[in-house]
Amino acid sequence: MSLGGDDGYGGDYEGHEARRGRGAAPGGHLTRTRLPEGDGDPYGPPRRAPGRAKPSRNLITVVGVVVLLLAAIAFVNRGDGKDSDSSAGDTGSTGTEAHPTAPTGERPVDGKNGTTGIASGFAKSEQGAQSAAANYAVALGSADMYNRDRRHELVPQIFTDAAANRLQTRLDKAYSASSLERIGLDANGKAADGMTYVSRTAPLGTKVGKFSGTSATVAVWCTGVFGTAGEGSKNPVTNDWFTLTLKLRWVNNDWKAESYSQKAGPAPVNSDRTASTADEIAKAVEQYGGFTYAR
């Protein structure tokens, strides 16, 4: 509600000028008109004493209603002070290091695996399986997968022991030095000086295909940004839409993947929004942390 100075309730007192003087009453009799005391022209408009004008009753009523309304709004919005404390741990835009951010509401998991930051301790339920699949999709689509050492830390946290041993060799071949060179990265998955490699996945939804007490098949619909940001990049950052399907197994009180596959789409129509500069994309990757996902 905006309370401006021109509220439209002021009275136009100048339009109600008092007439003073003598006049003739019907029948020829003279009548006297009481004149106000004081100096000045007795036939001119009266002088008003400062501060003597009385505000209209309508104006007083409106002002009273507005005051009561503002007091009621302030009381409702006062809260108990907890909201201001909830943001104490948020570094906002002042921090330089990006951190995973927990979703609102009840935390879906109790902990994280080692230094990888991958959530762990998912519930033995359909929702728990979906949460695990969403978090594993984020890890599999991250830039860490292009670095051999980081990849060898991630894979055992995502897959069962049997699957991890089998996949490590296949992934090492897929992320070979020659393959990385084709997308502008060195053997360690690092971009050239002045460049930033971007690989980030964001789940949009999950769907359970099959579920039992100890196994589940979950499809994760994802979007993501991938490419190299920097001046003269031959592999500019673009977005992609794909579905990642994971077969999960309940092992050691947690969901672990046995295998995964990927297919394109569903993809929406591209908008005509102007693309950001390479510098803006690189800064966004550095400044905005990823999320812990839950169903």
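Asn 252 is found in the loop between β5 and β6, where strands, like helices, are DSSP runs numbered from the N terminus (at least two residues of type E for a strand, at least four of type H or I for a helix). The model is a predicted one, so to speak of local features takes a pLDDT of at least 70 and side-chain atom pairs count only at pLDDT 80 or more, while totals for chains, interfaces and linings use all residues. Residues are numbered from 1 along each chain as its sequence is written, and side-chain values use heavy atoms, with hydrogens and water left out.

Strand β5 covers residues 238-251 and pairs with β6 in the antiparallel sense over 10 bridges; two strands are said to pair if DSSP finds at least two bridges between them. Within this pairing, Leu 248 stands opposite Ala 257 in β6, and Lys 247 has Ser 259 in β6 as its bridge partner.

Four strands form an open sheet in the order β3-β4-β5-β6, with antiparallel pairing. At the edges sit β3 (196-211) and β6 (254-264), each of which pairs on one side only. Neighbouring strands of the sheet are turned by 25° against each other on average, with direction ignored. As a bit of background, strands of a sheet pair through backbone hydrogen bonds, either parallel or antiparallel.

At the β3 end there is another hairpin, in which three residues lie between β3 and β4. These two strands run antiparallel and are joined by 14 bridges. Phe 211 stands opposite Ala 216 in β4.

Gly 265 and Pro 266 are joined by a cis peptide bond, with omega at about -5°. Pro 266 has its place in the loop between β6 and α7 (278-287).

Now for the helices. Helix α3 lies across β3, β4 (215-229), β5 and β6, and runs at about 155° to β3. Angles here run from 0 to 180 degrees between N-to-C directions, and axes are lines fitted to C-alpha atoms, for helices over the stretch in contact.

Helix α3 (residues 126-140) also packs against helix α4 (residues 148-158), at an angle of about 165° and with the axes 11 Å apart. That makes α3 roughly antiparallel to α4; the labels are roughly parallel under 35 degrees, roughly antiparallel over 145, roughly perpendicular from 65 to 115, and oblique for the rest. The crossing of α3 and α4 is left-handed, a term for a near helix turned anticlockwise from the far one by less than a right angle, with clockwise giving right-handed. Tyr 136, Ala 139 and Leu 140 in α3 meet Leu 154, Gln 157 and Ile 158 in α4, contact being heavy atoms within 4.5 Å. By class, this contact has five nonpolar residues, one polar and no charged ones. The nonpolar class takes in Ala, Val, Leu, Ile, Met, Phe, Trp, Tyr, Cys and Pro, the charged class Asp, Glu, Lys and Arg, and the polar class the others, Gly among them.

Arg 148, Arg 151, His 152, Val 155 and Pro 156 in α4 meet Ala 164, Gln 168, Leu 171 and Asp 172 in α5. Sorted by class, that gives four nonpolar, two polar and three charged residues.

Arg 151 and Asp 172 also form a salt bridge, their closest N and O atoms being 2.9 Å apart. Arg 151 lies in α4 and Asp 172 in α5 (residues 161-174), so the pair ties together parts that are 21 residues apart in sequence. The count comes to six salt bridges, each being a side-chain nitrogen of Lys or Arg within 4 Å of a carboxyl oxygen of Asp or Glu.
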